[in-house]
Structures are given as C-alpha cells and as structure tokens.
Amino acid sequence: MTQVWKNSLYVFLGACSFGILSTIVKTAYSEGFTIQEVMGGQYGFGWLLMLVLMLIFSRKKVTLRQFIRLAGVGACTCLTGVFYYMSLQTLPASIAIVLLFQFTWMGVGLEAALSRKWPSGATLVSVLILFAGTILAGGLLGGGDFQLSLSGILYGLGSALMMALFIYCSGRVETRLPLITRSFCISTGSLLMLLIIFTPKVIPNVAQTTELWPYGLALGAFGAVIPVLLFGLGAPKINPGLASILSAGEFPVAVTASVLVLHEQVGGLQWLGIAVILLGIAYPQLMGGRSASSKQRISSKAA
C-alpha cells in the first residue's frame, strides 16, 4: 500500500506542477508576449533542460520505433496546451477550464474501453465528485451570461482528450526505458509538434526575445520537465483511471496560484468546489485503504 501512495503522490505532484502554468502564462501575456512566444518558450526551454539532464545522467540509445511512440506522447501534451489556449479565444476562462477537466472521465473511459474492464464503484463515485467540484470551482453557478461557440467547445473537449491520452500513455508507453531518456523523447515530441503547428519561425522569435527567458525557463521547468518526470515515475505503477483522477490536482493549484500571485477574486462557491475536487481525488485512495484494512481484519479472524 505504501508504494501505491508514493506513486500516486508522484502523479498528483506532477499535476500540481501543471497547475502553476496558468499563472505564469497570464503574467507573460500581461507583458505583451503572444501565444506562439509563450508556448515556444515553454517547450523550447523544456527541451533544453531535458537535454542537459539526459547528457549528464542518461545516454541510453533508443530505437526509431521507441522514439516515435514516445514522441507521440509528447505531441499529446503540446496539443493539450494548443487546444486549450485556442478555446480561451472564444470561451470564458471558467467554461474552458471546465471543458479541459473533462479529461477525468475521459481517462477513466479510455482505460475501461482498452482494458475491457468496468471501472470500480469508487472510481465512478470519484469522477462524479470531481465533476461537481469542477462546476463549482469554475464559477458556473454564479449566474453569468455565457456566450458559447461551437469551435471553442470543440477545442476545449479536444484539450481534455489530449490530456487523457497523455496520462494514459505515460503509464503504458516504453516504460522500461530509463526515466530521463524516456522523458527527453517525450519533450522532443512536444517541441516537434509545436514546430509543425506554429512553423519554425517561432524559435528565432523566442531566441531573440531576451525578456521571455525567465518565463520560458519557468514554463519549461513546470510544464515540460517536472510533470513529465513525475508522471514517468508514478503513472506506470498505478491504475490509469486513478492517474486521471489524481491529475485533477491541477485545478486547485491553478486557482490558488491565481489568488496568491495575480490577486484574482475567488468566491465562496469556488473555494467549496476546490474542497470538493480534493475530496474526489482522495476518495479512491481512502476507499482502497479501507477495503485493504477490511480484508486484513477478515483474514486475521479466519486465521
């Protein structure tokens, strides 16, 4: 049980690292940087940081097939950000974040479909709790007049699907490779996908913008290095559905960081939603621990 909790903590902390990104991105936007520059900084500096780690700690060769598979995992992380930022162009932030967090049930559904095994009752209850918490934390019950666009909704759901695929593949693709080598291939895939989308012109722009370097380093560390390493440590050793649930930790961190750093106003219902999300994250673990304790008591009585 200790190993499960430790690996779950790795995934949860990786999700928390993702949660810091929104505050850094908003700060970079306030300084006048574009989405291309911000994302170029994130994945460019993230790739450089991972390259340094690989050259120092791990130089294991990979086959072309292994690289392609891991690059595909990296492409999912890049597309998550691209689709999410595009949804923000036509949707309120509260709607976009709620759409992104549909990755929780998508991840559980993906695992159920591929494993052909129905999710446990604790997992289904947790997903329902997370959905309710996301609605509250997203501020959707505040009575606002939301203007929705079909393209924005599709981009938001696309970001959720890419996030679900990243979480699932983090625990399944080429897990026998050394962690840093594996993570470097994933980061390379993210950067290549970004270049395909925004064209190679984004790299010279980022390189020439010295004021972007602090943001690029922070985004690279918290968005392309730390979470990839932590997911690589924990996700292969726990249930993919549980990994999707634990990844909801991104939302409370994102809201808390926006309050502490950006001084944004968060209402009582939103704080309640954050508490509900944390309950939903903890629920499967608590039920798992209770079930294990019950089985241990039964076996001791039988003995």
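1. Overall architecture. This is a predicted model, and its protein chain contains 13 helices and zero strands. The chain has 303 residues, of which 50% are buried. Among contacts between residues at least 6 apart in sequence, 89% join residues at least 24 apart.

2. Confidence. The average pLDDT of the protein chain is 84, and 88% of the residues score at least 70. Over residues 291-303, however, the pLDDT is below 50, and this stretch has one contact in the model beyond near neighbours in sequence. Among the elements, helix α8 (residues 179-198) has the highest mean pLDDT, at 93. The lowest mean, 58, belongs to helix α9 (residues 202-208).

3. The largest pocket. The volume of the largest pocket is about 770 Å³. Its lining comprises 36 residues, and those closest to the centre are Ser-22, Lys-26, Tyr-84, Ile-97 and Ala-254. At least two lining residues come from each of α1 (2-30), α2 (35-57), α3 (64-88), α4 (93-100) and α12 (250-262). Helix α1 gives the most to this lining, with eight residues. By class, the lining divides into 20 nonpolar, 13 polar and three charged residues.

4. Helix α12. One of the helices that line the largest pocket, α12, has 13 residues and reaches 17 Å from its first C-alpha to its last. That span is close to the 18 Å expected at 1.5 Å a residue. The buried residues of α12 are Glu-250, Phe-251, Pro-252, Ala-254, Val-255, Ala-257 and Ser-258. Ala-254 is also listed among the residues closest to the centre of the largest pocket. After α12 comes His-263, whose phi is positive, near 60°.

5. The cavity. How many cavities of 30 Å³ or more does the structure hold? There is one, and the largest cavity has a volume of about 40 Å³. Its lining is formed by Tyr-43, Thr-77, Ser-187, Ser-190, Gly-223, Ala-224 and Val-228. The elements giving two or more residues to this lining are α8 and α10 (213-234). Helix α10 gives the most, with three residues. The lining has three nonpolar, four polar and no charged residues.

6. Ile-186 in helix α8. Ile-186 is placed in helix α8. Is this residue buried or exposed? Its relative accessible area is 3%, which is under the 20% limit, so Ile-186 counts as buried. Not counting residues up to four places away in sequence, Ile-186 touches Leu-70, Val-73, Gly-74 and Val-228. Val-228 is also one of the residues lining the largest cavity. The C-alpha atoms of Ile-186 and Gly-72 are separated by 7.4 Å, although the two residues are 114 residues apart along the chain.

7. Ile-245 in helix α11. Ile-245 lies in helix α11 (residues 240-246). With a relative accessible area of 0%, Ile-245 is buried. Which residues does Ile-245 touch, not counting residues up to four places away in sequence? They are Thr-123, Ser-126, Leu-130, Gly-280, Ile-281 and Pro-284. Of these, Leu-130 is 115 residues away along the chain, yet its C-alpha atom and that of Ile-245 are separated by 8.0 Å.

8. Two loop residues with positive phi. Arg-116 has a phi near 55°, a positive value in a residue other than glycine. Arg-116 lies in the loop between α5 (103-115) and α6 (121-137). Glu-174 likewise has a positive phi, near 50°, and is a residue other than glycine. Glu-174 is found in the loop between α7 (150-170) and α8. Their surroundings may be compared through accessibility. Arg-116 is exposed because its relative accessible area, 79%, is over 50%. Glu-174, at 13% relative accessibility, counts as buried because this value is under 20%.

How values were computed:
Residues numbered from 1 in each chain as written. Predicted model: local features only at pLDDT ≥ 70, side-chain atom pairs only at ≥ 80, totals over all residues. Heavy atoms only, no water. pLDDT = per-residue confidence, 0-100. Helix = DSSP H or I, 4+ residues; strand = E, 2+ residues; numbered from the N terminus. Contact = heavy atoms within 4.5 Å. 1 Å grid on protein atoms, 1.4 Å probe; cavity = no way out; pocket = protein on both sides within 12 Å on 5 of 7 lines; lining within 4 Å. Points joined across faces, edges and corners; volume = space filled by probe spheres on them. Nonpolar A, V, L, I, M, F, W, Y, C, P; charged D, E, K, R; others polar. Expected span 1.5 Å × (residues − 1). Buried < 20%, exposed > 50% of the residue type's maximum accessible area, 1.4 Å probe, protein only.
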